[in-house]
Amino acid sequence: MYAITVREPGGPEALEWTEVPDPTPGAGEVLVEVAASAVNRADLLQRQGYYPPPPGASDIIGLECSGTIIELGEGVEGWQVGDEICALLAGGGYAEKASIPAGQLLPVPSEVDLITAAALPEVACTVWANVVMHGKLGEGDVLLVHGGAGGIGTHAIQVGKALGATVAVTAGSAERLESCRQLGADITINYRDQDFVEELKKVTKGADVILDNMGAAYLGKNIDALAIGGRLVIIGMQGGVKGELNLGKLLVKRASVFAAGLRGRPLEEKAEIVADVRERLWPLVEDGSVKPIIGQIVPMAEAASAHQALEEGTVFGKVLLAAKN
């Protein structure tokens, strides 16, 4: 089969479409003919040599895919050859075939085509695990989403609205903020020239849940933006890894800070997240309350251009890689 490999750590030009051995499904896994994968910021870090796959995972980049099951490993139940799926991966998505633990498979939602379904698994599991399962977002809460125009952000806006929350977002241009409003964002803040704490406090009591991709750079201001009992959930470190935390403010607000990745979690924990997504989020996707937002689709062999687009911040929503032209 063909897959995207990294010639050596570096820029997008380091990505190559080359022939590699076919994967073999182990016990509890299925082999999938990949229809599409999607580009995530973690992929850029792996390409640069900063984010190696967890032990036992494929060293091929790609944290999600959609496709068709072509072989079942020993002990797999509930799935059949020919089933169309999308899936959460620890690696291996930028390829024509992928071996995937059965617990990380999701059926392609009705009304969503097979290519488009590749945009769902990583954002769905990330947002649901952090905002809902951990953050306990509920009706009437205020959700602040940093990076509202990205793949995670566009999904989180819709999940928040579907659950009855007031959704505030930050983004870097009037155009991108308008696109967020069209998805349902109630409060839009341009981080380039507005203070998100001040803007949020003008119209709310503060955020009950904050979904943050910046890390250290926003740590202090995020604490200021929290409501009493608020939950700050950190899923990215685009703004650095080390910051100062004012415990006094946390104590007064009875607030919490939680930071978690998804890729390195144990298989059992990922399977629990996927099962909850299937039970509680998938109905919202199937009734149209939450839709995959696609900014660009490029051939998988041209993954370098997709990485370049994500790095430049020119795409609203997800960038997909189609395995076949």
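1. By class, 24 nonpolar, 18 polar and seven charged residues make up the lining of the largest pocket. Here Ala, Val, Leu, Ile, Met, Phe, Trp, Tyr, Cys and Pro count as nonpolar, Asp, Glu, Lys and Arg as charged, and the others, Gly among them, as polar. A pocket is an open set of points on a 1 Å grid over the protein atoms alone, where a 1.4 Å probe fits, with protein on both sides within 12 Å along at least five of seven lines; lining residues have an atom within 4 Å of a point.

2. The model is predicted: local features need pLDDT of at least 70 and side-chain atom pairs pLDDT 80 or more, while totals for chains, interfaces and linings use all residues. Residues are numbered from 1 along each chain as its sequence is written, and side-chain values use heavy atoms, without hydrogens and water.

3. The largest pocket has a volume of about 1400 Å³, a volume being the space filled by probe spheres set on the grid points, which are joined across faces, edges and corners. Its lining comprises 49 residues, of which Arg 41, Asn 213, Ile 235, Gly 236 and Gln 238 are the closest to its centre.

4. The second largest pocket holds about 550 Å³. Among its 31 lining residues, Gly 56, Ala 57, Ser 58, Gly 91 and Ser 99 lie nearest the centre. Its lining has 16 nonpolar, eight polar and seven charged residues.

5. Glu 64 is buried, with a relative accessible area of 0% (buried means under 20%, with a 1.4 Å probe and protein chains only). The side chains of Glu 64 and Lys 318 are joined by a polar contact of 2.6 Å, that is, a pair of N or O atoms within 3.5 Å, one able to donate a hydrogen and the other to accept it, where residues adjacent in sequence count only if both atoms are side-chain atoms.

Definitions and conventions: Buried < 20%, exposed > 50% of the residue type's maximum accessible area, 1.4 Å probe, protein only.
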